[in-house]
Amino acid sequence: EGISGPEFTLDSIRKALIRQEDLIVFSLIERARFPMNSALYNPRLDLVPGFSGPLVDFIVKETETVQAKAGRYVNPEENPFFPDNLPPSIIPNYNYSQVLHPGGASININKAVWDMYLNQLLPLFVDAGDDGNYASTAASDLICLQALSRRIHYGKFVAEIKFRDAPNDYEPAIRAKDTDVLMKLLTDERVEKMVKKRVEKKADVFGQDVNVSNNADSKRYKVDPTVVARLYDEWVIPLTKLVEVEYLIRRLD
Ligand SMILES: C=C(O[C@@H]1C=C(C(=O)O)C=C[C@H]1O)C(=O)O
């Protein structure tokens, strides 16, 4: 699953993105087991003594703190949602191969990922209601958020390989800080169409009830496949491309 070592090619990066679709689709299906549970996201409920903010913030911050100590964010593929005041890793450093340009390595658009997931996406695929399972729901949210964040920030690796494959095409636009031209250069509409078709199909396949006897019951999806296609069309692909542009604009610093 490598961005490290000799296997740093556009093809290998695209394979990694395809593999990540599985977790994104499955994690949404898992989240759909719970209803909305909106108390979890309510900033005015004060459910946690001594913590101001919604319960989901508390759970994500505390989880990220543990994971940071265990070295999660030393990995250039991982970006925290609450980067302020995170503790450093306390375990011996693994030597991740450093393929990214230092200026781009610190790009973090998780605020946009968080906002998209909680405010736009969630209401599209979970049922209304409250079953009290806040901690489990938040754990499920965090898996979705981390999977989406990793996919979107993979744009850094995509941009790096595209730059290395055609520096003469990219350099003038980078020097001119021309984000429109950069966006055109990095866009591959044929690939985007395939990605959207494939994730819709994955949601169809992964979300079916599996019966031993193959009676063709009417399908009732756990997550509507068209919602997953829309997720990619409206948010995942545009945000990945935004990361690509942000990365490229700093590539010659
Ligand atoms: C990620 C890439 O760059 C762009 C973004 C894509 C995506 O987010 O799926 C697909 C094609 C490109 O327009 C790529 O070329 O693979």
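In between, we say partly exposed. Take lysine 15. Its relative accessible area is 54%, so lysine 15 is exposed. Lysine 15 sits in helix 1.

One caution before the tour. This is a predicted model.

Now the overall picture. The chain has 10 helices and 0 strands. Read along the sequence, the pattern is α-α-α-α-α-α-α-α-α-α. How does the radius of gyration sit with a compact globule of 253 residues? Such a globule would come out near 18 Å, and the chain has 20 Å, which agrees. The C-alpha atoms fill a box of roughly 55 × 50 × 35 Å along the principal axes. Of the 253 residues, 47% count as buried.

What about contacts along the chain? Consider those between residues at least 6 apart in sequence. Among them, 76% join residues at least 24 apart.

Let us go back to helix 1. Helix 1 covers residues 10-31. Lysine 15 and serine 38 are 23 residues apart in sequence, and their C-alpha atoms are 36 Å apart in space. Serine 27 also has its place in helix 1. Is serine 27 buried or exposed? Its relative accessibility is 5%, so serine 27 counts as buried. Which residues does serine 27 touch, leaving out those up to four places away in sequence? They are Ser140, Ile143 and Cys144.

Next, the loop between helix 1 and helix 2. Asparagine 37 is found in this loop. Look at the backbone of asparagine 37. Its phi is near 50 degrees, a positive value in a residue other than glycine. For aspartate 46, phi is also near 50 degrees, again positive and again not in a glycine. Now look at their surroundings. Asparagine 37 has a relative accessible area of 0%, so asparagine 37 is buried. Aspartate 46 has 52%, so aspartate 46 is exposed.

On to the aromatic residues. How many aromatic pairs does the structure hold? There are 6. Start with phenylalanine 82 and tryptophan 114. Their ring centres are 5.5 Å apart and their planes stand at 75 degrees. Planes over 60 degrees apart count as edge-to-face, so that is what this pair is. Where do the two residues lie? Phenylalanine 82 is in the loop between helix 2 (55-69) and helix 3 (102-105), and tryptophan 114 is in helix 4 (residues 110-125). The pair therefore ties together parts that are 32 residues apart in sequence. Both phenylalanine 82 and tryptophan 114 are buried.

A second pair is formed by tyrosine 94 and tyrosine 96. This pair is edge-to-face too, with 4.8 Å from centre to centre and 70 degrees between the planes. Tyrosine 94 has a relative accessibility of 59%, so tyrosine 94 counts as exposed. Tyrosine 96 has a relative accessible area of 26%, so tyrosine 96 is partly exposed.

Stay with phenylalanine 82 for a moment. Its relative accessibility is 18%, so phenylalanine 82 counts as buried. Leave out residues up to four places away in sequence. Phenylalanine 82 then touches Asp57, Val60, Lys61, Glu64 and Trp114. Ring pairs also link Phe81, Phe82 and Trp114 into a cluster. One distance for orientation: phenylalanine 82 and alanine 135 are 53 residues apart in sequence and 18 Å apart in space, C-alpha to C-alpha.

Last stop, a helix crossing. Helix 5 takes in residues 134-153, and helix 10 takes in residues 225-249. Their axes come within 7 Å and cross at roughly 50 degrees. Helix 5 and helix 10 are therefore oblique to each other. Which residues meet here? From helix 5 come Leu148, Arg151, Ile152 and His153. From helix 10 come Leu231, Tyr232, Val236, Leu239, Thr240 and Val243. The residues of this contact divide into 7 nonpolar, 2 polar and 1 charged.

That is the tour.

How values were computed. Residues numbered from 1 in each chain as written. Predicted model: local features only at pLDDT ≥ 70, side-chain atom pairs only at ≥ 80, totals over all residues. Heavy atoms only, no water. Phe/Tyr/Trp six-rings, centres within 6.5 Å; stacked < 30°, edge-to-face > 60°. Helix = DSSP H or I, 4+ residues; strand = E, 2+ residues; numbered from the N terminus. Buried < 20%, exposed > 50% of the residue type's maximum accessible area, 1.4 Å probe, protein only. Axes fitted to C-alpha atoms, helices over the stretch in contact; angles between N-to-C directions. Parallel < 35°, antiparallel > 145°, perpendicular 65-115°, else oblique. Contact = heavy atoms within 4.5 Å. Nonpolar A, V, L, I, M, F, W, Y, C, P; charged D, E, K, R; others polar. Rg over C-alpha atoms; globule rule 2.2 N^0.38 Å.
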